[in-house]
Amino acid sequence: MFVRRGAAAAVVMSAVLLVGAGCEDPAPKAAGGGKGTAAATASPSATPSAGAVMPSVVGKPFTEAEAAVKGLVTPPVKARSAYADVTLAPDHGAWAVCFQTPAAGAAVQAASVVELSLVAAGTPCPGQAGATLKPSTAPTPPAPPATPTPKPVPKPKATVPTDAGSTGGDGGNGETASSSSGGGGADVYYSNCTAAKAAGAAPIRRGQPGYRSALDRDNDGIACDK
C-alpha cells in the first residue's frame, strides 16, 4: 500500500516539473522590462550635415526654397522683400526668390545664416536688392530764375563853365579859365589877374566865381583890383 502511494507521488511531481519548464521564456529579458530594446532601435533625430553645399533656389517659391535648405543649417531661413519700398507680406510662401545668400555652390555649415530676397508673384526681380519698384512722384522744384547782372552806369563827364565875356575860354592873352575849388570861386579858375581881366571878371570879390586867395595879394577880399 505504501509503495503504491510513493509511486503515485513521484508521477505527479514529474508532471509538475514538465509543466513548469514549458512556461519559461526561452529568450532572456533585457533590463528594464524590455523597454531598453525598443529605445535602442529608435531612429536618431536628424542633424545638419557638415560640409554641405548651398543649393540654387533663385526663381523658386519661398516655401520650396526654405524646404531645400532647412536640413542644411540650424538657424531659420530669413526672408525679406527685394524692393526697398515694398513691405514683405506675412504670408509670403508663394513669393519668388530673386537673390540668395550664401550663393549657390557655396559651402555652408550648421550655423550658417541663409537670407532670401523675395518678390510677389508676377512682380519682376529688381536689378539689385534694395532697389525701388515705384518711381518717386514728388514734383521736381523749378530752378530759381537767373538774377540779371546790373550793367555799370557810366558817370557823366564834368563840364567846365566859361565866363560870358570870354571867347571860347581863351582870356585874350593865352590864359584859359577852368574850374577850381580854391578861394570860394564857383567852378571858375583864373591862372592870374591878367586872365581874369581879359575875361572881364576883375575885380573879383571873395565868394564870386574865380576868386582865390592867390589873386588877392593884400588879402582885402578883392582880387585883381590893382
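Me: What is the mean pLDDT of the protein, and which rules apply to the values?

Reply: The mean is 73, with 62% of the residues reaching 70 or more. This is a predicted model, in which local features need pLDDT of at least 70 and side-chain atom pairs count only at pLDDT 80 or more, while totals for chains, interfaces and linings use all residues. Residues are numbered from 1 along each chain as its sequence is written, and side-chain values use heavy atoms, with hydrogens and water left out.

Me: Why are β2 and β3 said to stand at the edges of their sheet?

Reply: Strands (E, at least two residues) and helices (H or I, at least four) are DSSP runs numbered from the N terminus, and two strands pair if DSSP finds at least two bridges between them. The open sheet has three strands in the order β2-β5-β3, with mixed pairing; β2 (78–81) and β3 (96–101) each have a single partner strand, so one side of each is left without a neighbour in the sheet. Neighbouring strands are turned by 30° against each other on average, direction ignored, where axes are lines fitted to C-alpha atoms (for helices over the stretch in contact) and angles run from 0 to 180 degrees between N-to-C directions.

Me: What makes a group of residues here a nonpolar core, and which members have the most contacts inside the largest one?

Reply: Such a core is a set of buried Ala, Val, Leu, Ile, Met, Phe, Trp, Tyr and Cys residues joined through side-chain atoms within 4.5 Å, where buried means under 20% relative accessible area, exposed over 50%, and partly exposed in between (1.4 Å probe, protein chains only). The largest has 15 residues, and Val 114 and Leu 116 have the most contacts inside it. Its largest share, three residues, comes from α3. Another core, of 12 residues, lies apart from it, and includes Val 188 and Tyr 211.

Me: Why is the link of Cys 98 and Cys 125 called a left-handed disulfide?

Reply: A disulfide is a pair of cysteine sulfur atoms within 2.5 Å, and these two sulfur atoms are 1.9 Å apart; the torsion about the S-S bond is about -80°, so the disulfide is left-handed. Cys 98 lies in β3 and Cys 125 in the loop between β5 and α4 (193–198), so the pair ties together parts 27 residues apart in sequence.

Me: Are Cys 98 and Cys 125 buried, partly exposed or exposed?

Reply: Cys 98, at 8% relative accessibility, counts as buried, whereas Cys 125, at 43%, counts as partly exposed.

Me: How do you know that Cys 193 and Cys 224 form a disulfide?

Reply: Their sulfur atoms are 2.1 Å apart, which meets the 2.5 Å limit, and with -85° about the S-S bond this link is left-handed. By this rule the count comes to two disulfides.

Conventions
pLDDT = per-residue confidence, 0-100.
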